[in-house]
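Here is a quick tour of a two-chain model, starting where the chains meet and then moving inside each one. Have the viewer open as you read.

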Amino acid sequence: MAAIPEQDAHAPAKLLATGTGTAGGLGAPRRRPGGRGAGRRAGPAAARRRDAPVAWLFILPALVGFLVFVAYPTLRGVYLSFTDFHVLTPPKWVGLANFRELVSDGTFWHSLGVTAYFVLLSVVFGILVSLVTAVILHRLTRSTVIRGLILLPFLISGVVAALVWAWMLDPQLGIVNIVIYQLTGHRILFLGAGGWAIPSIAMISIWKSMGYNAVLIFAGLQTIPEQVYEAGRLDGASETQMFRRLTVPLLRPILVMVVVLQMISSFQVFDLVQVTTQGGPANASNVLQMYIYRKAFGELDFGYAATMSLALFVMLMAITFLQLRIARANESDLS
Amino acid sequence: MRIRNLFAIAAAVALATAGCGSGGGGASGAKTINWWTWDDKQAQAYQTCATTFEKANPGVTVKISQYDVQDYFTKLTSGFVSGNAPDAFQNSVQYFPTYASQGQLKPLDDFIAKNRFDLSRFSVGVNSWKYTDGKQYGLPLDWAATAIYYNKDMLAKAGYTAKDVESLTWNPDNGGAFDKMAAHLTVDTKGRRGDQPGFDKSRIATYGTGLLNTGDYIGQTTWSSFVSTLGWKMSDKDNWPTRFNYDDPRFVKSMGYFRSLADRGFEPKFGQFTSGNGQAIISDIDLLGSGKVAMETSGSWNVASFAKLPKVKVGIAPTVLGPDGKTRKVLSNSNGNNIWAGTKNPDLTWKWVSYMGSDACQTMAGKSGTFFPSIPASMDASAQALAGQGVDLSVFIQMMKRGELYPNVVHTNGAAIEAAIKPQLEAYFSHQRNDDVFPGLAQKSQQLLAKK
């Protein structure tokens, strides 16, 4: 019984919509000036041909930039990875020698492990913290000031953030350790002990990127229609249930993007390590980028450094591709 | 929107980094000579020479820059690669062969011949700056040694006299007299000494000795002055060696002893006063100045800073004697002044470098007491000037006169060796590795010394 008046109520609106649609569709060609109309009628292929020069003109700057700053360096990097190159003397082709060295280089594999550990910590905890922050923000406040404040650490340069944290974590003078010493009577060598170095750097990295990720997720949250939550509330779902069953699944495309971005940037961590520990103590925080930098600029072994960069590049590509495939990032449950 | 924001930020970041790279280009127009050092105090000391030089050469500016030693050599290398290295710079023997073999250093022989520059004015360090091709690549800037600096009041309170430190002996088995003194000088937060019952090694107010357990692969101001009294030598040959003797039983035993010092609480633990990269957060000077340590080995270049410490009276003693009670061996190092092969003003740069190597400049800068001039007359002048300020250099001068100094080994591939050895030594001192690490270190050094 209830369905019939509803149908009735919708019927005129639908009619109205199609009505205006048809009117517009019929009216439009009549209003068009002759010249442009004729061009359109000549067929889409011709139009594309005429637009092509302009299109190229617009694409050109980006294309030149890509060729000069991305394609050429990448190809040269690939070439250099097959050479013995010390920058100041011309590269010498050595075939697969660098790759053979890579396979048997214990420090490389150790660095890879250290990097993976760092990525794991900073992605898992970083995303968790950002997600919770974003959801709380979304539920509690619309204030742009607070959203801006959350973003602040991201705006600080990595070097500055690392320096300030290194001072705060200092075993003798740092405020964090002074508090810990008052409470426990011991000091923690956050950046000076092998077991602590990577977790400490991951913590700094999370602190720094948290705001940025939270803002991205926050934007994603705003795309979820309010009705979904209303329906949830009607069905008696609790706040945590709605978070787990509604928010997270509907956020998937955004979350996947944030995870991929965070993962790539974590794999490429360098500034934080360079400022806080320079890979020490005893190689405990010698991430791959650090090792590559040392080989290249410290020991002038640019050929081998290029080989390692290439290996990292291939790994990152593979990981990103897999992630996108597994997470079906291009589909959304919203539609 | 999101994606666009992302690109905007990425573009901003790229622009910002691009902005960083473009600074500090070459000289043009009015001529500027860039000179680099890693020592902040020497940068200040040589500024007086720079000012005089600028007055004598109108239109010339000498720009002295200082970068911390941890970043100095990577920054220099990046400068070579990108073409904006300084015209001339202070260099360490450790990095000299690498730079010379890469063609980054200008041989000075032609300049020396043309100017009739007399190399015999330097009493030490000239040969450290001769490369395998027989050419002279640098002028010695200074010479340096190591000594024991101690807190006079703490020593007196513990019942020791200056004579006790000056004739201190040690051995790698139980540390000997040195160990007894370090233990007795260590005080925990409740005031108990290291050799007294109830001593709490986890809560230390003052450590008996400063850091000896560092990853420095030559142990310049730390373990080298101990181990070398045993007859141990760093390498198989004095110059251009093929192997470092890290696996010598005397060396292994000594490292074990230094590690035990920290385990027993008489020496700071590895990483306690250093950051993750082994860099001192609290300098040697402040460690002694703040009463954290009672005595420590440190470089001669710190002598003036130690003397100027407020509140703490610092005594200087020569380094320890070996188990035989008479052998003392101190590593001496001469830094050099090099000219970059890529300099745009080679003649002017030589003028500056040769002026720095002159009696006049060395005497002027040496008065600061931040380094010891390689020219004897300047050294005397600087010793005299410092004596007037209450800084006594006699310990160093006597060590030199008694022939207790030995020069640093000139060898290839310093950067690579450091990168390979340091983490391993650090792992040993932080108990992640044990004696089995040492044969590997010797092997690694052999491999890297052979690499061209």
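Across the interface of chain B and chain A, the rule finds zero salt bridges, a salt bridge being a side-chain nitrogen of Lys or Arg within 4 Å of a carboxyl oxygen of Asp or Glu. Keep in mind that this is a predicted model: local features need pLDDT of at least 70, side-chain atom pairs count only at pLDDT 80 or more, and totals for chains, interfaces and linings use all residues. Residues are numbered from 1 along each chain as its sequence is written, chains are lettered from A and ligands numbered from 1 in the order in which they are written, and side-chain values use heavy atoms, with hydrogens and water left out.

What else turns up between the chains?

| Interface item | Value |
|---|---|
| Residues in contact (heavy atoms within 4.5 Å) | 32 of chain B with 39 of chain A |
| Buried area (accessible area, 1.4 Å probe, lost on being put together, summed over both) | about 2,900 Å², 60% of it on carbon and sulfur atoms |
| Residue pairs in polar contact (N or O atoms within 3.5 Å; within protein, one able to donate a hydrogen and the other to accept it, and residues adjacent in sequence counting only if both atoms are side-chain atoms) | three, both residues at pLDDT 80 or more |

On the chain B side, helices H1 (2–21), H3 (69–82) and H17 (414–429) each supply at least two of the touching residues. Helices here are DSSP runs of H or I with at least four residues, strands are runs of E with at least two, and both are numbered from the N terminus. H3(B) gives the largest share, seven residues.

Now into chain A. Ser111(A) sits in helix H5 (residues 106–140). Is Ser111(A) buried or exposed? Ser111(A) is buried, at a relative accessible area of 0%; buried means under 20%, exposed over 50%, partly exposed in between (1.4 Å probe, protein chains only). Leaving aside neighbours within four places in sequence, Ser111(A) touches Asn286(A), Val287(A), Leu288(A) and Tyr291(A).

Leu288(A) and Tyr291(A) are among the buried residues of helix H14 (residues 288–298) of chain A. The buried residues of H14(A) pack against H5, H13 (271–276) and H15 (302–327) of chain A. Just after H14(A), Leu300(A) takes a positive phi of about 60°.

Back in chain B, five strands form an open, mixed sheet in the order S6-S7-S8-S5-S9, where strands pair if DSSP finds at least two bridges between them. S7 (residues 204–209) and S8 (residues 293–299) of chain B run parallel, joined by two bridges; Tyr207(B) has Val293(B) as its bridge partner in S8(B).

Conventions
Buried area is the accessible area (1.4 Å probe) that two parts lose on being put together, summed over both.
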